[in-house]
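This report describes selected parts of one structure. Please keep the sequence and the 3D view open while reading.

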Amino acid sequence: MSKAEFLSVELTEAFVKLIAQQTGLEIRERDQADLSEKIFFRMKAINILFPEEYYQLLGYSTIQSYQEWHRLVLLLTNLESYFFRDKEQFNLLRDRILPELIERQQNKKTLRICSAGCSSGEEPLSLAIVLKELIPNPEQWNLMILGVDINQEALKKAKQGIYTPWSLRSIDPEIMQRYFLHFNNQYYLDMQIQQMVKFKYINLVKDAFHEHNEMRDIDLIICRNVFIYFEASAIAKVLDKFNHILQPSGYLIAGHTELCGQDLSHFETKLFPESLVYIKKSV
Ligand SMILES: C[S@@+](CC[C@H](N)C(=O)[O-])C[C@H]1O[C@@H](n2cnc3c(N)ncnc32)[C@H](O)[C@@H]1O
């Protein structure tokens with residue numbers, strides 16, 4: 001990269017602020033050189049000569065701006081995920097939280113779960129596997145497992161249901177045997193499990209949840225390894241939105257320590273040996 005391809009301090013600050021407003025993502029000082037490279041990479045791809053012009057493009061409410069955000073987001077997001085990531089939290093879900101929700105919803109036979117920041121699907125699909133094991137008659141239930149993300153490529157991969165051994169590095173061999181078909185060093189997820197999960201593009205920070213029919217009356221939100229990349233004010237904004245879409249006594253599970261320092265007055269916290277969980281207070 002030539003020297004001319006560095007952003008000025010002022011412009012770097014302006015991009016950092018715009019990205020945080022639009023996506024929640026916090027670009028830390030140590031990552032700013034990297035950000036500059038990504039911006040010049042995108043400028044070249046769409047034949048823009050000056051970073052000021054690119055900044056303006058991102059600020060517009062045009063279809064070009066919308067499309068460009070999608071492409072830039074592909075470069076800004078970290079997609080690391082794998083099946084049954086944080087086994088302890090999954091054990092807690094399997095042994096305590098999901099059985100309790102199933103019991104609670106036994107009459108209505110409706111269960112609504114959202115994996116927020118689901119990347120390529122490993123998290124909501126792991127939940128689908130656990131539910132399949134817990135509910136012997138899933139066809140009698142109205143189950144919704146929704147995976148939402150801001151990265152379109154990750155969502156495309158999630159919908160394919162084909163994974164490398166790396167995504168399955170933490171899975172119980174018996175579960176792997178039962179739900180995956182191994183072929184050519186790739187693992188094909190059981191169709192029934194795939195069909196239990198719906199994937200959708202939603203920007204947790206920018207999008208109005210009420211415009212998405214699925215984002216209501218949620219019994220369990222799982223949002224892990226997303227807020228670690230967010231600015232504190234964006235976390236607060238998303239927490240408020242989560243509070244609005246959760247059922248009274250609905251559960252929120254985040255990554256360990258991801259909600260430190262946040263106002264959690266709308267939630268009760270419950271400490272299990274495996275993890276802290278948050279329960280929406282019934283008013
Ligand atoms: C590190 S992955 C975590 C995946 C999964 N939750 C897990 O713990 O394995 C973080 C995900 O959050 C998504 N993300 C980041 N900002 C987002 C936003 N504003 N709205 C929705 N998803 C976002 C990223 O695209 C990425 O897929």
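The sections below cover a sheet, a serine residue and the ligand site of this predicted model.

## The three-stranded sheet

Three strands form an open sheet with antiparallel pairing, in the order S3-S5-S4. Its edge strands are S3 (162-163) and S4 (180-183), and each of these pairs on one side only. In general, strands of a sheet pair through backbone hydrogen bonds.

Strand S5 covers residues 186-189 and pairs with S4 in the antiparallel sense over four bridges. Across this pairing, Gln 186 in S5 has Phe 183 opposite.

## Ser 167

Ser 167 belongs to the loop that runs between S3 and helix H8 (173-179). Ser 167 counts as buried because its relative accessible area is 5%, and the cut-off for buried is under 20%.

The side chain of Ser 167 makes a polar contact of 3.2 Å with the side chain of Glu 122. Apart from neighbours within four places in sequence, the residues in contact with Ser 167 are Ser 81, Tyr 82, Phe 83, Glu 122 and Lys 157.

## The ligand site

The ligand is surrounded by 21 residues, the closest being Thr 23, Ser 81, Gly 117, Asp 149 and Asn 225.

A polar backbone atom of Thr 23 lies 2.9 Å from a nitrogen atom of the ligand. On the side-chain part, an N or O atom of Asp 149 is 2.6 Å from a ligand oxygen atom, and an N or O atom of Asn 225 is 2.8 Å from a ligand oxygen atom. On its own the ligand has 600 Å² of accessible area, and the protein covers 99% of it.

Notes. Residues numbered from 1 in each chain as written. Predicted model: local features only at pLDDT ≥ 70, side-chain atom pairs only at ≥ 80, totals over all residues. Heavy atoms only, no water. Pairing = 2+ DSSP bridges. Helix = DSSP H or I, 4+ residues; strand = E, 2+ residues; numbered from the N terminus. Buried < 20%, exposed > 50% of the residue type's maximum accessible area, 1.4 Å probe, protein only. Polar contact = N/O pair within 3.5 Å; in protein donor to acceptor, adjacent residues only side chain to side chain. Contact = heavy atoms within 4.5 Å. Near = heavy atom within 4 Å. Areas by Shrake-Rupley, 256 points an atom, 1.4 Å probe, with all protein chains shown as cover.
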